[in-house]
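Let us walk through this protein one region at a time. Keep the sequence and the structure side by side as you read.

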Amino acid sequence: MELRLEGVSKTYPNGTRALHDVTLTIPRGMFGLLGPNGAGKSTLMRSIATLQEVDGGSMTFDGIDIRKDKDRLRDVLGFLPQDFGVYPKVTAWDMLDHLAQLKGLSQRRSRHDAVKALLTKVNLWEHRDRRLGGFSGGMKQRFGIAQALLGDPKLLIVDEPTAGLDPAERFRFHNLLAEISADIVVLLSTHIVSDVADLCQNMAVLAQGRVVTSGHPLRLVDELKERVWKRFVTKQEELDALTQNLTVIAVRRVAGQRLVHVHAESAPEGFEPANPDLEDVYFHALSRASKAA
Ligand SMILES: Nc1ncnc2c1ncn2[C@@H]1O[C@H](COP(=O)(O)OP(=O)(O)OP(=O)(O)O)[C@@H](O)[C@H]1O
């Protein structure tokens, strides 16, 4: 069971090239698709979810040709879109029961069993009679996952699910996703590097519609070993000079100071070795992509 994308491309009518020859193999488990705003993540998610068309390439999931056989894909798909909205005056139970009916669960008894199991799974059973409008951001997202899991999907797509969640809610949401992804393919799109570092066995970075790196997060970090160097800077002129002469990957704030990470085969003067992490992988991939553009 895997999702395969080959040469997927999309240009919007206004000429924006949102996807450019995207080729990825996404196996069972959690796959993180990282990229800055405008990279093309939502376009890709929505296309896989059959909500919009691509212009070229092929997309298959577990033997289903997604572009040709949309209905078959929808039968095995769960989707939590970026802008998942809820009816504020409806209770969690009534909303999920209604959505379950729309999904084709017509037999009342088994539908109620399924709704109960899902609300329990996402830890909202005790809140089932509360109106959705009173839910916190994290509760709404967990409800979003419950609706996405109706009908036991084999492919679950979640688009930027943790934006705006506080750390405790994020942690809870992560645990839920990790549990779900044991048996199915979960595609998580995000611009938050630590979501991918914490959760994903495989990942890709998308920039300007292209896959700029992909693989196992720890292996990608490993590839940067002894190639990332750090140094604190205080003045803007210093930073400008470094940016001109070296490959600056990232500038972070650490305890109120600016810490520069650069990529180089050997230590530039004044720099010491840094332990690379997934942020370095991400920013290095983005800086390579913007140089190539
Ligand atoms: N309907 C549309 N018509 C024209 N251009 C679009 C349309 N939807 C998206 N775009 C453009 O396509 C590019 C990719 O957008 P997309 O929303 O897929 O990126 P993203 O990585 O999901 O970003 P974000 O996190 O901001 O949603 C952007 O340049 C965006 O402005």
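Start with a strand pair: Val233 stands opposite Arg258 in strand E13. Strand E11 spans residues 228–233 and E13 spans residues 257–263; 6 bridges join them, and the two run antiparallel. Strands here are DSSP runs of at least two residues (E), helices are DSSP runs of at least four (H or I), and both are numbered from the N terminus. Two strands count as paired if DSSP finds at least two bridges between them.

Before going further, note what you are looking at. This is a predicted model, in which local features need pLDDT of at least 70, side-chain atom pairs count only at pLDDT 80 or more, and totals for chains, interfaces and linings use all residues. Residues are numbered from 1 along each chain as its sequence is written.

Now follow E11 to its other partner. E11 pairs with strand E14 (residues 272–273) in the antiparallel sense, over 2 bridges. Trp229 has Pro273 of E14 as its bridge partner. Lys230 stands opposite Glu272 in E14. The whole sheet is open and has 4 strands, in the order E12-E13-E11-E14, with antiparallel pairing. Its edge strands are E12 (247–254) and E14, each pairing on one side only. Strands of a sheet pair through backbone hydrogen bonds, either parallel or antiparallel.

Two helices go with this sheet. Helix H10 (residues 278–292) packs on the sheet and touches E11, E12 and E13; its direction makes about 140 degrees with that of E12. Helix H9 (residues 236–245) lies across E11, E12 and E13, running at about 10 degrees to E13. Axes are lines fitted to C-alpha atoms, for helices over the stretch in contact, and angles run from 0 to 180 degrees between N-to-C directions.

Look at Ala289, which lies in H10. Ala289 counts as partly exposed because it has 19 C-beta neighbours inside 10 Å. The cut-offs are these: 20 or more other C-beta atoms within 10 Å make a residue buried, 12 or fewer make it exposed, and anything in between is partly exposed, with C-beta atoms placed from the backbone. Leaving out residues up to four places away in sequence, Ala289 touches Ala207, Gln208, Arg210 and Val212. A contact means that the C-beta atoms of two residues, placed from the backbone, lie within 7 Å. Ala289 and His98 are 191 residues apart in sequence and 45 Å apart in space, C-alpha to C-alpha.

Turn next to helix H3 (residues 92–102). Its buried residues are Ala92, Met95, Leu96, Asp97 and Ala100. Helix H4 (108–121) and helix H5 (137–148) are among the elements that cover them. The axes of H3 and H4 come within 10 Å and cross at roughly 125 degrees. That angle makes H3 oblique to H4. Angles under 35 degrees count as roughly parallel, over 145 as roughly antiparallel, 65 to 115 as roughly perpendicular, and the rest as oblique. Just after H3, Gly104 takes a positive phi of about 105 degrees.

H5 also packs against helix H6 (residues 167–180), at an angle of about 15 degrees and with the axes 9 Å apart. H5 and H6 are therefore roughly parallel to each other. Gly137, Gly138, Gln141, Arg142 and Ile145 in H5 meet Glu169, Arg172, Phe173 and Leu176 in H6.

The largest nonpolar core has 73 residues, and Phe31, Leu118, Ala146, Ile157, Val186, Leu187 and Leu188 touch the most other members. A nonpolar core is a set of buried Ala, Val, Leu, Ile, Met, Phe, Trp, Tyr and Cys residues joined through C-beta atoms within 7 Å. Beyond its neighbours within four places in sequence, Ile157 is in contact with Met45, Ile48, Ala49, Phe79 and Leu187. A second, separate core has 5 residues, including Val228, Ile249, Val260 and Val262.

Finally, step back. The protein has 10 helices and 14 strands. Of its 293 residues, 37% count as buried. Its C-alpha atoms fill a box of roughly 70 × 45 × 35 Å, taken along the principal axes.
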